[in-house]
Amino acid sequence: MSLKHQTPLVQKSVGAHHAAPVLYDKDGPVAIVTLNRPHVLNAYDVAMRDALYETLGAVRDDPEVRAMILRGNGPAFCTGGDVREFGRAPSPVMAREVRWRRDVWRLLRSLPQATVAAVHGYAVGGGFEMALLCDLCIAADDARFAYPETGLAMIPGIAGTQTTPRALGLGRGLDLILTGRWLSAAEAYRLGIVVRVVPRKALHATAIDLARRVCALPSSLVARVKRAVHDGIELSLADGLALEARLSSLIGRGRRVLPAAVGELQEA
Amino acid sequence: MKRSAASDGLRTRIADGIAWLTLERAHAGNRITQALAQELCRRAAELEEHDHVVAVVLAASGAHFCLGVEKGGDWERQVDWVEAIARLTRPVIAAIQGDALAEGLELALACDLRVASDRARFALPQLQAGRLPSHGGTQRLPRTIGRARALDLLLSGRRIDAAEAEMIGLISRVVPHRSLSRTVRLLVDTLKGKGPIALRYAKEAVLSGLDLPLDQGIRLEEDLYVLLQTTRDRRQGIAAFLHHRKPVFRGT
């Protein structure tokens, strides 16, 4: 599979030779979304966030795509928000409104297709959080995770305060977020948030292999099992079992169903 | 409030933005009496009034951290001493130099970070004594180490060592006994280097959020995140980061 044929989804204005902050490529049914600001270790700014919003919308709406890989160009996966841009942020009132108007992170975590974060180098702050918003995370042996936010008098802002304790337990969640300590790929694997650790040069092939296995399944099945697990775990067990019953009874009807959220099953 | 005061088996000291609460009933394994429980509640409530307290260390004197509640004593009324610690808005470090058993472990579970000596052992043996843990153990233990391991400890009542406790996520660090004080001080220094309000909001986002459906927890996080944008400390933190220097936070 070749990465040479990448189509920049968002072009900056003519005259400035900036590569697009997010690259989008398709390898058959596998969408490959690449964070592309390697000179700043893929720190994301407004331009990257907007490009990601467009790209993920394209993934969601593409019936050919059955799995998505999220990766980073350069030496790291992603080092979170671009701090240089923070001083120029709008008022807190505006910031809050913008967040919900174009909710890129909700889009990421509610894609119907299986998502695989392929992490190498630093996955720090928002980078760590992005990996946790994907269904699966695989890591190169050099991957390292951390939450540096409290050291800048901030808190994680891409659901990390919610996803981390749910994934790692209360004690470990608080430890990572309060102290900002490093989590190695090996420890992340032991704790269950990373499902494969491989040598750096095998990372992409492993991600593709994992994605292709999922692509062998009917897409509505994948979408439903994702809803069953992600939505169900938020419910009481009784309600979760009822959700599972509803979702599984739709199999074999022969129509493509795109569940958007609990209780909102829409026919394609 | 005095800089350092000891009363009813609890020593309280505030220095340099850190509050040190030390159980001082070593002769009784730091078992909790009604008087000690009430003192814990009083001091916890007072700490909340001190804006400059960035973090709290809960420690104990003697060979054990806390072996539970004092047996035989008749308590006139219910004292929610574990919840008083759990409700502190600042991060709380439990410095566990010895065994934390029964209510002693339930107290440690109400803290945010647990650092232990390699001599420490942990157990919830209440079922073997014919009763249920009643100080949050059945709730905090599964949320910390998962259901299966929590039920294992509850049903077996077995005592696990610090190495196993670290592996299952019950404690965050285990260190050689003589290194415990130093490790706690380093952890305290780490927390002192963070924005104080950010620490409080991170703790709130995590703990309150866990009680909410994910979507609502994310909204809570976002509200606290955005609120932090109004603080001087955040501006300081960003400027320091960009200029490669250490930030100086004031808690505003």
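In the predicted model, B:Ile93 is in contact with B:Ala55, B:Val57, B:Cys111, B:Leu113, B:Val115, B:Val184, B:Leu187 and B:Val188, when residues up to four places away in sequence are left out. B:Ile93 also belongs to the largest nonpolar core, which holds 156 residues. Together with A:Val116 and B:Ile85, B:Ile93 touches the most other members of that core. The largest share of the core is supplied by helix H8 of chain B (residues 196–210), with seven residues.

The strands of chain B include an open sheet of seven, in the order E1-E2-E3-E4-E5-E7-E10, and the pairing is mixed. Strand E1 (4–7) and strand E10 (173–175) of chain B each have a single partner strand and stand at the edges, so one side of each has no neighbour in the sheet. On average, neighbouring strands are turned by 15 degrees against each other, direction ignored. Within this sheet, strand E5 (residues 92–96) and strand E7 (residues 113–117) of chain B run parallel and are joined by four bridges. B:Ala95 has B:Val115 of E7(B) as its bridge partner, and B:Val115 is also one of the residues touched by B:Ile93.

Helix H7 of chain B (residues 180–192) lies across strand E3 (18–23), strand E4 (55–60), E5, E7 and E10 of that chain. The direction of this helix is at about 160 degrees to E7(B). Among the contacts of B:Ile93 are B:Val184, B:Leu187 and B:Val188.

The domain assignment divides chain B into domain 1 (4–192) and domain 2 (196–242). The C-alpha centres of domain 1 and domain 2 of chain B are 26 Å apart. Seven residues of domain 1 of chain B and six residues of domain 2 of chain B take part in the contact. On the side of domain 1 of chain B that touches domain 2 of chain B, three residues are nonpolar, one is polar and three are charged.

Between the chains, 32 residues of chain A are in contact with 48 residues of chain B. On the side of chain A that touches chain B, the elements giving two or more residues are helix H2 (83–86), helix H3 (92–101), helix H6 (160–168) and helix H7 (170–179) of chain A. H7(A) gives the most to this side, with nine residues. By class, the side of chain A that touches chain B consists of 15 nonpolar, ten polar and seven charged residues.

Conventions
Residues are numbered from 1 along each chain as its sequence is written. Chains are lettered from A and ligands numbered from 1 in the order in which they are written. This is a predicted model: local features need pLDDT of at least 70, side-chain atom pairs count only at pLDDT 80 or more; totals for chains, interfaces and linings use all residues. A nonpolar core is a set of buried Ala, Val, Leu, Ile, Met, Phe, Trp, Tyr and Cys residues joined through C-beta atoms within 7 Å. A residue is buried if 20 or more other C-beta atoms lie within 10 Å of its own, exposed if 12 or fewer, and partly exposed in between; C-beta atoms are placed from the backbone. Two residues are in contact if their C-beta atoms, placed from the backbone, lie within 7 Å. Ala, Val, Leu, Ile, Met, Phe, Trp, Tyr, Cys and Pro count as nonpolar, Asp, Glu, Lys and Arg as charged, and the others, Gly among them, as polar. Two strands pair if DSSP finds at least two bridges between them. Axes are lines fitted to C-alpha atoms, for helices over the stretch in contact, and angles run from 0 to 180 degrees between N-to-C directions. Domain bounds come from an automatic or database domain assignment.
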